[in-house]
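Hi,

Here is the structure I promised to send over. Have a look at it first, and then read on for my notes.

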Protein chains: 2
Amino acid sequence: MKRAELIEQIKIKKSYLCVGLDSDISKIPMHLHKEKDPVFEFNKQIIDATLPYAVSYKVNTAFYESNGLAGWESMQKTLAYLPKEVLSIADAKRGDIGNTAAHYAKTFFETLPFDAITLAPYMGKDTIEPFLKYENKWSILLALTSNPGAENFEMLATGGHKVYEEVLIQSSAWGSIENMMYVVGATRPEYIQGIRKLIPNHFLLVPGIGAQGGDLKELSKAGLTADISLLVNASRSIIFADGSENFAHAAALEAKKVQMEMEALMKDIL
Amino acid sequence: MKRAELIEQIKIKKSYLCVGLDSDISKIPMHLHKEKDPVFEFNKQIIDATLPYAVSYKVNTAFYESNGLAGWESMQKTLAYLPKEVLSIADAKRGDIGNTAAHYAKTFFETLPFDAITLAPYMGKDTIEPFLKYENKWSILLALTSNPGAENFEMLATGGHKVYEEVLIQSSAWGSIENMMYVVGATRPEYIQGIRKLIPNHFLLVPGIGAQGGDLKELSKAGLTADISLLVNASRSIIFADGSENFAHAAALEAKKVQMEMEALMKDIL
């Protein structure tokens, strides 16, 4: 998917919502467990219900891998079910040396043809480059994450910059705004302004609203650009809004609520 | 597997060799492609041939995931085939927030019952903790890697220490020498002495000899302790030593060569 296509979808749906399919099999409604593939059935209904309000879906690979072969199959089917006009993200946070990275790129851009993958930057440039060779595919690098552990290494001061700022400065030269995005946690809106000075035009993928408590208004004020360039992810607060047979309708209502907030926050840009 | 058991195996086999099963389906001998599961058949014969010389096997998940469902199945079968006395490592380099990390821990310690997993430290403490809750399981954190990209962020100076040194200092307090190891690249033996000052007793997993060119003698002199505390990995140089029907025998010869070098390097300790 091209940047222009993503921006167009955002403008059509008046939404920069990414729905996180953290579809923990132990948390999906009881009545779905009689299905052959409960996780896929759950995802299918969540996608159908939230599609008017979301431009992207993020599949958190951990929740699928932990189910082994069956989980891998649910992931395959979910990806195949996603319509072409949404940005499909493998939230896989991979990162390894070039030879191995090429195999991860094959996994998530070919075997499972996602549009985008999240990557861990720790091991540096040659671990990212194999992903950047694919046209119309996106590498989404971890920069400043939403969890407490971000303080351990990401926030360390190194010369004039913190480690996450070095990640932004160095890595933004490896690709372009057409094939790279960055993960910036919603729980740290006070940092987004500074991040925008370093990477004024890259898309940011911001997880952490909803269950993790990030503030949509604050982060959007700091992160939105003339081209929007923002995707905000909500997972548990949408997909597990209701644990009954009514779950999909409840998810739609939650997604719509976020979409309407986003529409208001974008009104001067649209 | 307990630390004492691993050290015992090293002493029995007079070897601290880990064989890396980077079993790229496009590189395995032609005659195996007629098998139902060529990758598993290859691994089986490699394991049988190298078992006298190796105390650990490292499954590089990328090479399995890139084959999709079939690859996941080859990984499962390979793990099941490994005998109990070797340390089985999932070289997966995962790293995500606590809720997700718990699912990765389930994946690689329960669904696939490996003894150990490699982890990326970028996102900090809460991304590692879920793995440390498992008894007799190992978290192997990336510290200083063997690839050129290590210069980008791992080697950045931050206050008195480089980033990888901060990883060692901080994270070594999260667990113990009974459940944590560190990845240190063989291409950087000059750093191992300094690393041993920071973590004198932890096992190091050292990839990068063979195809990547690291020097076994140099790194062993710097890394060996009274308890050995060293695993050195070779992948391609052993498993792809010969591309013909003779591959397993050639792999055994390569593994034996490394084992004999190791035996000589350990002779004052054993």
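This is a predicted model: local features need pLDDT of at least 70, side-chain atom pairs count only at pLDDT 80 or more; totals for chains, interfaces and linings use all residues.

**How the two chains sit together**

Chain A superposes on chain B by a rotation of 180° with 0.0 Å of shift along the axis, at an RMSD of 0.0 Å. The two copies are thus related as by a two-fold rotation axis. If you want a landmark for that axis, go to Thr158(A): in chain A its C-alpha is the nearest one, 2.1 Å away. Both copies use the same surface, as 100% of the contact residues of chain A recur in chain B.

As for the contact itself, 47 residues of chain A and 47 residues of chain B take part. On the chain A side, the elements that each give at least two residues are α3 (62–65), α4 (68–81), β3 (87–94), α5 (98–111), β6 (157–158) and α7 (163–171). By type, the chain A side splits into 18 nonpolar, 18 polar and 11 charged residues.

**The core**

The largest nonpolar core counts 186 residues. Leu17(A), Ile140(A), Ala143(A), Leu17(B) and Ile140(B) are the ones with the most contacts inside it. I followed up on Ile140(B): leaving aside residues up to four places away in sequence, its contacts include Ile89(B), Ala116(B), Ile117(B), Thr118(B) and Leu119(B). Further along the chain, Ile140(B) also touches Met181(B), Tyr182(B), Val183(B) and Leu205(B), among others.

**Strand β3 of chain B**

β3(B) has a parallel pairing with β2(B) (residues 56–60) over five bridges, where Lys58(B) has Ile89(B) as its bridge partner. β3(B) also pairs with β4(B) (residues 116–119), again in the parallel sense, over three bridges. In that pairing Ala90(B) stands opposite Ile117(B). To get from one strand to the other, follow helix α5(B) (residues 98–111): β3(B), α5(B) and β4(B) form a right-handed β-α-β unit.

Cheers

Notes
Residues are numbered from 1 along each chain as its sequence is written. Chains are lettered from A and ligands numbered from 1 in the order in which they are written. Two residues are in contact if their C-beta atoms, placed from the backbone, lie within 7 Å. Helices (H or I, at least four residues) and strands (E, at least two) are DSSP runs, numbered from the N terminus. Ala, Val, Leu, Ile, Met, Phe, Trp, Tyr, Cys and Pro count as nonpolar, Asp, Glu, Lys and Arg as charged, and the others, Gly among them, as polar. Copies are superposed by least squares on the C-alpha atoms of residues with pLDDT of at least 70 in both. A nonpolar core is a set of buried Ala, Val, Leu, Ile, Met, Phe, Trp, Tyr and Cys residues joined through C-beta atoms within 7 Å. A residue is buried if 20 or more other C-beta atoms lie within 10 Å of its own, exposed if 12 or fewer, and partly exposed in between; C-beta atoms are placed from the backbone. Two strands pair if DSSP finds at least two bridges between them. A crossover is right-handed if, with the strands pointing away from the viewer, the path from the first strand over the helix to the second runs clockwise.
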